[in-house]
Each structure stands twice: as C-alpha cells, then as structure tokens.
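Here are my notes on the model you sent. Please read them with the structure open.

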Amino acid sequence: MHSHSVVEAGKHQSLQVKVKRPPLYLLIPAIAVSVCMIIPLLYLFLRAGQAQPDQLLELVFRPRNFQLLLNTLALTGGVLVICTFLALPLAWLVTRSDIRAKRLLTILAVVPLAVPGYVMAYALLGVGGNLGVLSQVFGIQVQNISGYWGAVWALALYTFPYIFLNLRAALLGLDSSLEESAQSLGYSRVEVFRKIMLPHLMPALLAGYMVVGLYVLGDFGAVALMRYEAFSYAIYTQYSGAFDRIYAAWLSIMLLALAASFLVMEAYLLKRKRLASVGSGVSRPAAPQYLGKLAVPAWIYVGFVFSASIGLPVAMLSYWIIVVPPDVSVFLQVPWTFLRSAAAAAPAAVLAAVMALPVCYLSVRYPSRLTSAIERSTYIGYALPPLTLALAMVFFALQTAYIFYQTLGLLIFAWTLATLALAMGPIRSAIIQTRPNTEEAAYSLGYGPVSTFFHVVFPRLRRGILASLALVFLFCMKELPITFLLAPTGYSTLAVTVFSRTSEGMMAEAAPFAAAIVLFSSLSVGMVLNREKIKGGQ
C-alpha cells in the first residue's frame, strides 16, 4: 500500500513537472524575441572589431575620447544636481508642509514631461540672441543660451519630474515616527532632514537618478541643438559628417560601458542600504508642518520652478505662433507630418505588444531561469543609449539585411526594440491579475491552447495590451535620436521637423510642430498621473 502511494506520488510529481514545462508555441517566439534584442549588441561589436590592432589603440586612446567622457559626466552631474534642486523641495512641500493646492502643484510638477528635451532647448534658444524674444519685444540684448549650461537646463527642466515622483512616493511611505523620535531627542528640522529623512530617501533618489542619468547619456536633441560635445553628439557627427563608422562604433561602446557602470553603481549602493523598519505596527502619515515665515519663499520657489519648466516653453511657442506666426502653409503641414509620424508609431506599438505577449506569459506562468533570462533580455533595447541602438541597426542592415537599409521597416523595428520593456509592464501586470484556474477550467471543457487564449486569456489582457500600445505609441511619436538616424530620406516626423528647423534657426517655422508634440505628449503625462493615482490632499 505504501509503495503504491509512493508510485502514485511520483507519477503526480512527474506530471506536475511536465505541466510546468513551457510549450514550444510560446517558447520559440519568446526565444526569437530574445535573439532580436541581442542583434544590436552583436552587430555593434562586430563592426567595432573590424578595426586593425594599431588602429584600435589609436581609436580607443584618443585624447578627444577622454574629453568626451569628462563632458558627458559633467553634463550628467549638472543635470542631476539641478533636478535635485527642483524636485526635492517640491516633493517635501506637497507631502510634508501645509502649503495649499497640493494636488494642483503635484499635477503641475509632472506636466514638464510633456515638453521633450529638444523642445525645451528650442524654448531656451528662443530667449536670447538678436532674433530672440528679449531682443525683439523688450529690446534687451542677452547672449544666446547654449553650450554646457543650455544643455543642462534644457534636460533638467524636462527630466526633474522623474525624480519628483520617486521622492514623493518615498516621502508618503516614510514612517513619521522616525522624525518625531528625532525631534523629541532635540534634533532641529534641518538635522532631522539631513540625518533621518535623507538617508531613507536615498533609494528613491538613486532610482530617479538612474532614469534621468540614462536619459541624459543617450540624449541627442538637446545636446546637438546646444552644440555641446558629449558622446551622443560625437557619435552622430562621426557617423554622418566624418563617415568614420568604426570610430562611431567604438564611441557607442564607450557610451554603453558608461551606462552599464551607472547600473552597476546603483545596484551596489542599493545593496548596502538597510532601511526597513524593524518595529511593530504600521507607519503613520506625518502631520503637515507649518511653514510660517517660509510660506512666501516657498511660493517664490514654486513660481520659479513652474515658470521655467512650463511657462517658458508655453510663452516661447505662443510668441512664435501668435505674435510672429509663420506662413499658413507651415500650419497646413502639421496634420500631414503628424499622420506620417503616427503611420510609423502605430505598427511599432502593435509589434512591441505582440513580441511582449509570449515573453510576459512565459515569465508569469512558467517561471524558470530560462524564462527569466528571456525576460531580462527585453530590457537591453531600453537600456541602450538610443544613438547606440540606431547605429547598431545601421550595421545590421548594411551587413545582413541591406534591403532594409534606410527603410521605414528598419525604423519601426528599432523603435520596437527600444520600447519592448515599456510594452511588457502593463501586459505582465494583466497576466499576473488573471487567475490560472480560469485557463484550467477552459482546458477541462475541451478548449485547446489557442482557443483558450483567445476566449479566456485575451479578454482579460485587453486593458494591459491597450496600455502597452498607448505607451509605445506615445514614445515613438516624440522620439528623436533613432528617428534622425534611421528614418528614410525625406521621411520627416514631428520630432525631426522641430529639430531640423530649430538647428537652422527657423524658430517660427518649428513652433507649430513643437506645439503639436507638446499637446500630444500631454496624453503621456495624463497616463503618468493616472498610473500614479494622485489624490487630493497629498
């Protein structure tokens, strides 16, 4: 009897193992997706490997490379410092103080995400110079904002909401008893913030720094418009101007190594943090602190932040569109350019969702080392600096698929690789929320795998898929670096049109297209606000 039960248990265990084995109709597409994600890296290194040994030493150890490294690090550091200056006090005000209109202030703090870095650079460039607003309207001659500080402010005014959202969430979740205990021991407000709150905010700060840092490393639009020599700008000039593609490949590898070092540094710093509460009970929200005499300086600060991040681009766009408008023919081009952008963004969004489905389903329903590795590979495209990804796709097309070189298909494929990680998030969440027993019930009723997916699983994933489509579509509509390098000749999107006309000093002609991007990007801001579920009083 005992041996019979052991045999039955063994059969049951083997059956369980067999059930957990991922089916080939899911595993093969998922592996294909993973291979597609590795292709850019493979061809980038293959192209770089074409350098001769003596040429290799000269390429890698050029004095210019060291200067580019210093410039890129200085740009990233400057942006992070200004982002912290803009985001940290604002996050504290809307979570810890008695300042009024907290919900409105929180929404306004996220709105700058609707103004991409190259549009912010456009706004800054329109202020100074002989043809700038200050000169034309007020007769004030100021030097044009460009170079290092122009790039720093353009990128910081666009990216600080990422750090703000992280800090706001951390402050709302921080146990107020820690601050109260420190105050009861005689610590001042400044000491409480520096010794108690700031260490607990470090994980949120590092997470925000990572998002902003990777964006700054890969940015091309603002850096190029401001004529600042960073890695991304040098990669483009070497590829398009000097036609030295081997050197461009090595510059891309250096930029990739710099981005990877940021990821390793963040993981190391977070690993050393041990900030969890060890007491019993639940955390209590902090009582709003009375600002008193600090209320006026706080509102001045808030006014400065929103005037620079929202007021400036709105004012510049309004000036060039209303006061000195371009020819009517320019306005008539906007709808067609928008449709042209959408015609490429829509298939990229659909392809990203299709590629994300099997990977997400495997990672949730059949967890293993293999499926975990496949899932992690999908983040390669998002972590790669955009110009590096675009350059790798150029090498891939030239060496393996020349028929796709400078075609819309190559641009759509590159967009898909860059946004696959964005598409995975909502779909993965939807699969997690779908109970496995519904699929098991369908199997028991005689449904096959395909019919079960379309009749049972797919209807429950509809919202997640729609969210993925929207996220990828919005990203592609305002994406610049990949588009600028891979778009077919004569195929101008909204982003490329704004960049090209701004770089040529055609501020009025660029304004309608920039305004279209800002208005459309507001949809992505609305999605951020919806996902953050910002409530009144917080």
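How exposed is Ala101, in terms of relative accessible area? Ala101 is partly exposed, at 40%; buried means under 20% relative accessible area, exposed over 50%, and partly exposed in between, with a 1.4 Å probe and protein chains only.

1. Basis of the notes. This is a predicted model, in which local features need pLDDT of at least 70 and side-chain atom pairs count only at pLDDT 80 or more, while totals for chains, interfaces and linings use all residues. Residues are numbered from 1 along each chain as its sequence is written, and side-chain values use heavy atoms, with hydrogens and water left out.

2. Overall make-up. The chain has 24 helices and zero strands; these are DSSP runs numbered from the N terminus, helices being H or I of at least four residues and strands E of at least two. Of the 538 residues in the chain, 50% are buried. Among contacts (heavy atoms within 4.5 Å) with a separation of 6 or more, 83% are between residues 24 or more positions apart.

3. Positive phi in two loops. Ala101 is not a glycine, yet its phi is positive, about 55°. Ala101 sits in the loop between helix 4 (63-96) and helix 5 (102-110). Gln406, also not a glycine, has a positive phi of about 55°. The loop that holds Gln406 runs between helix 18 (386-399) and helix 19. Gln406 is partly exposed, with a relative accessible area of 41%.

4. Helix 2 against helix 19. Helix 2 (residues 24-48) packs on helix 19 (residues 408-433) at an angle of about 105°, and the axes are 11 Å apart. Axes are lines fitted to C-alpha atoms, for helices over the stretch in contact, and angles run from 0 to 180 degrees between N-to-C directions. Helix 2 is therefore roughly perpendicular to helix 19, a term covering 65 to 115 degrees. Helix 2 contributes Val33, Cys36, Met37 and Pro40 to the contact, and helix 19 contributes Phe413, Leu417 and Leu420. By class, that makes seven nonpolar, no polar and no charged residues; Ala, Val, Leu, Ile, Met, Phe, Trp, Tyr, Cys and Pro count as nonpolar, Asp, Glu, Lys and Arg as charged, and the others, Gly among them, as polar.

5. A lysine to check. Lys478 belongs to helix 21 (residues 449-478). Beyond neighbours within four places in sequence, the contacts of Lys478 include Leu113, Tyr158 and Ser524.

Technical notes
Angles under 35 degrees count as roughly parallel, over 145 as roughly antiparallel, 65 to 115 as roughly perpendicular and the rest as oblique.
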